[in-house]
Amino acid sequence: MSMGVESFVGWLRDVAGAMHENAGYLTELDSAIGDADHGANMDRGFQAVVAVLDESSFGSADELLKKAGMTLVSKVGGASGPLYGTFFLRFGTALAGVDPITPEAIGTALHAGVEGVLARGKAELGDKTMYDAWAPALDAYDAAVAGGADLGAALTAAAEAAAKGRDGTVPMVARKGRASYLGERSVGHQDPGATSSTLIVESAARTLR
Ligand code: ADP
Ligand code: MG
Ligand code: MG
C-alpha cells in the first residue's frame, strides 16, 4: 500500500492534538530554562496548520508539508517557529515527485528536515536542543529500515530513541538558544524543544502508514 496525502494530514492533525494536550507541560519546561512560551508557540502554530487543513485540500504530500512548514514559520515566533517550519519545508521538498513513498523515502525526508534545522540553528550534538532528540531518532530509524523494518516499526524505534535523547538533555549545559544564557544553571532541566520533537516523532509512529 502506498502512502497518500491523507497519511500526512493525519500526522499533522495528531501532532496538533499532542501539542495542545502538552502545551502546559512544554511551557512549564520552558519556564525553567527559557521564557515560558514553548507550549503556547507549538499549540498556536499547529492550530494554524489545522486551520489550513480544514480549509484547503492538497494534491500531494510535498505541497501539504511545505504549506505546513510555511504556516509554522509565519505563525510561530521565537526560535522554534523557523526551526520547525524549515523541518517541514525540507521534509516536504524531499518528497516532491516521489512515488511510491517508501520507508527509505521517509528516511531521506527526515534527514532533509533535520539538516534544515541544523542549517538554520547551527546546533551540535550535546548542545541541549531539539537536535539531541532528532539525532538518535534518525540513527534508530536508519538502522531499523536497514534491518528490514516496515515504516511503523522504524518510526516506533525512532520514537523510542527520541525519548531517550530527550531524557539525555537533562544533565546537559545549554549552548544554543535562550537556555544558553543560563549556562550551568540550565543543568538538571529537560529541553522543551527536544520534548516537542519527541512528540512529533511519537505522533509519526502512531499515524504514518
Ligand atoms: P524561544 O526560545 O525563542 O522562546 P521556543 O521556546 O518556542 O523559542 O523554543 C525553544 C526551543 O528551541 C529550545 O528548547 C530548543 O530545543 C530549540 N532551539 C533553540 N535554539 C536552537 C538552535 N539554535 N538549534 C536547534 N534548536 C534550538
Ligand atoms: Mg521560549
Ligand atoms: Mg520566546
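Read along the sequence, the chain follows the pattern α-α-α-α-α-α-α-α-α. The radius of gyration is 16 Å, close to the 17 Å that the globule rule gives for 209 residues, so the chain is as compact as a globular protein of that length. Please bear in mind throughout that this is a predicted model.

**Whole chain.** Begin with the entire chain in a cartoon view. Its secondary structure comes to nine helices and zero strands. The C-alpha atoms fill a box of roughly 50 × 40 × 30 Å along the principal axes. Of contacts between residues at least 6 apart in sequence, 65% join residues at least 24 apart.

**The nonpolar core.** Buried residues make up 51% of the 209 residues in the chain. In soluble globular proteins, nonpolar side chains tend to be buried together. Here the largest nonpolar core has 58 residues, and V15, A137, Y141 and A158 have the most contacts inside it. Now select helix α7, residues 131-146: this helix gives the most to the core, with nine residues. Then centre the view on Y141. Which residues does Y141 touch, not counting those up to four places away in sequence? They are G107, L110, A154, L155, A157 and A158.

**Around ligand 1.** Select ligand 1 and the 24 residues around it, of which G78, S80, G121, G177 and G193 come nearest. The elements that give two or more residues to this shell are α3 (38-55), α5 (80-94), α6 (103-121) and α9 (192-207). Which element gives the most to the shell? It is α9, with three residues. Colouring the shell by class shows eight nonpolar, nine polar and seven charged residues.

**G177.** Finish at one of the residues that come nearest to ligand 1, G177. Its place is in the loop between α8 (151-168) and α9. Is G177 buried or exposed? G177 is buried, because 23 other C-beta atoms lie within 10 Å, where 20 or more are required. Leaving aside neighbours within four places in sequence, G177 is in contact with A79 and T129.

How values were computed:
Residues numbered from 1 in each chain as written. Chains lettered and ligands numbered in written order. Predicted model: local features only at pLDDT ≥ 70, side-chain atom pairs only at ≥ 80, totals over all residues. Core = buried A, V, L, I, M, F, W, Y, C linked by C-beta atoms within 7 Å. Buried ≥ 20, exposed ≤ 12 C-beta atoms within 10 Å, placed from the backbone. Helix = DSSP H or I, 4+ residues; strand = E, 2+ residues; numbered from the N terminus. Contact = placed C-beta atoms within 7 Å. Near = placed C-beta within 6 Å. Nonpolar A, V, L, I, M, F, W, Y, C, P; charged D, E, K, R; others polar. Rg over C-alpha atoms; globule rule 2.2 N^0.38 Å.
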